[in-house]
Amino acid sequence: MKTYAPARLRLSAVIAENLSLYVVLIAVFILMFALNGEKFVRTQNLISMAYQLPIVGLLAIGMMISMLSGGINLSIISTANLNGIIIALVLQALSSQGMKLAGIELVILAVLLGFIACLLVGVINGLLIAILKIPDILVTLGTMTLIAGLNVVLTRGYTLSGFPDSLLSLGNGVSFGIPNALILFVVAAIIASVVLNKTRFGFSLYMMGSNATAAQYANVNLVKITVMQYVFSSTFAALTSLVMMGQLNSVKASYADSYLLVAVLAAFLGKVSPFGGFGRVSGVVLAVIILQMISSGLNLLRLDPFMITATWGAIIIAIVVFRGLFSQIKLRMSK
């Protein structure tokens with residue numbers, strides 16, 4: 001069967017590619033266990049990590065998709081909140097018995113409308129970037145601000161709560177002893193990996209990130225690929241919203257604002273190049289697990305939440321410094 005993977009890597013090659021992340025994963029586990037003792041490996045803490053990880057994980061994969069072209073999607077959090085708000089408003093407007101008792105047909109309609117809104121945001125981002133040649137960071141910053149303001153207007157600043165059980169089960173339900181949110185994350189990660197490594201769209205996206213001019217000469221439709229890229233990224237925002245909705249049983253214009261930094265950090269730690277052209281879902285998944293262990297370990301130590309946020313910034317600086325020094329050393333050795 002014909003595939004369009006950037007490179008046909010054997011399993012051993014993929015493991016070797018992420019070897020440094022496995023080393024960091026083991027080191028972080030040992031450190032957090034040393035700081036917290038048995039509390040870190042208790043079933044309650046592991047279950048809590050399994051529920052929290054999918055939110056950051058889905059956002060990180062969505063961010064990774066936007067970074068493969070050398071861009072970024074700053075609107076991913078506001079898009080996720082927009083999805084949840086639209087679902088809530090549709091259920092409130094159309095359910096005669098109240099949102100909590102909405103039927104499955106109405107729930108499907110609300111989810112579909114919220115998903116369409118997310119796709120529309122992706123289309124707008126992609127068209128502005130590809131046709132008008134506006135930098136990704138400026139376009140997504142603008143749409144982030146626009147959607148965030150629209151979310152406040154739609155909710156009037158209030159929290160909307162009381163969703164039907166059929167929606168809540170995705171975020172807080174369990175199947176075969178495994179949280180549904182974790183199952184969704186694993187399935188979404190596998191699908192994203194297949195799309196990026198085994199389809200023409202994925203091949204074109206990697207090529208565009210490596211060299212947009214060469215991709216254009218290779219008959220890659222840059223406008224089409226850019227729009228598809230941001231639509232795909234917005235899809236993960238919609239999935240994130242469904243998980244948050246299920247776990248919190250509410251939606252709000254400002255939910256998960258602090259996760260934007262963590263999503264960028266996870267993609268960067270997972271070896272996604274900020275200049276585009278390189279990055280794998282497997283690396284991002286490992287990075288998300290590492291960050292979740294750090295977050296859970298620091299929470300068990302009862303550190304100030306602002307201190308934890310400062311830790312994320314420190315990690316970004318450390319990664320930048322390390323990779324910069326490594327590049328300089330590698331360059332001097334080659335000379």
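Of the contacts in the chain with a separation of 6 or more, 79% are made by residues 24 or more positions apart. The model in which these contacts occur is a predicted one.

In secondary structure, the chain comprises 14 helices and four strands. Its radius of gyration is 20 Å, close to the 20 Å that the globule rule gives for 335 residues, so the chain is as compact as a globular protein of that length. Taken along the principal axes, the box filled by the C-alpha atoms is roughly 75 × 55 × 40 Å.

Burial and surface may be considered next. Of the 335 residues in the chain, 47% are buried. The accessible surface of the chain amounts to about 16700 Å², and carbon and sulfur atoms contribute 70% of that area.

Gln97 lies in the loop between helix H4 (76–94) and helix H5 (104–131). Its relative accessible area is 58%, and because residues over 50% count as exposed, Gln97 is classed as exposed. The position of Gln97 can also be set against that of Lys224: the two residues are 127 residues apart in sequence, and their C-alpha atoms are separated by 43 Å in space.

Definitions and conventions. Residues numbered from 1 in each chain as written. Predicted model: local features only at pLDDT ≥ 70, side-chain atom pairs only at ≥ 80, totals over all residues. Heavy atoms only, no water. Helix = DSSP H or I, 4+ residues; strand = E, 2+ residues; numbered from the N terminus. Rg over C-alpha atoms; globule rule 2.2 N^0.38 Å. Buried < 20%, exposed > 50% of the residue type's maximum accessible area, 1.4 Å probe, protein only. Contact = heavy atoms within 4.5 Å. Areas by Shrake-Rupley, 256 points an atom, 1.4 Å probe, with all protein chains shown as cover.
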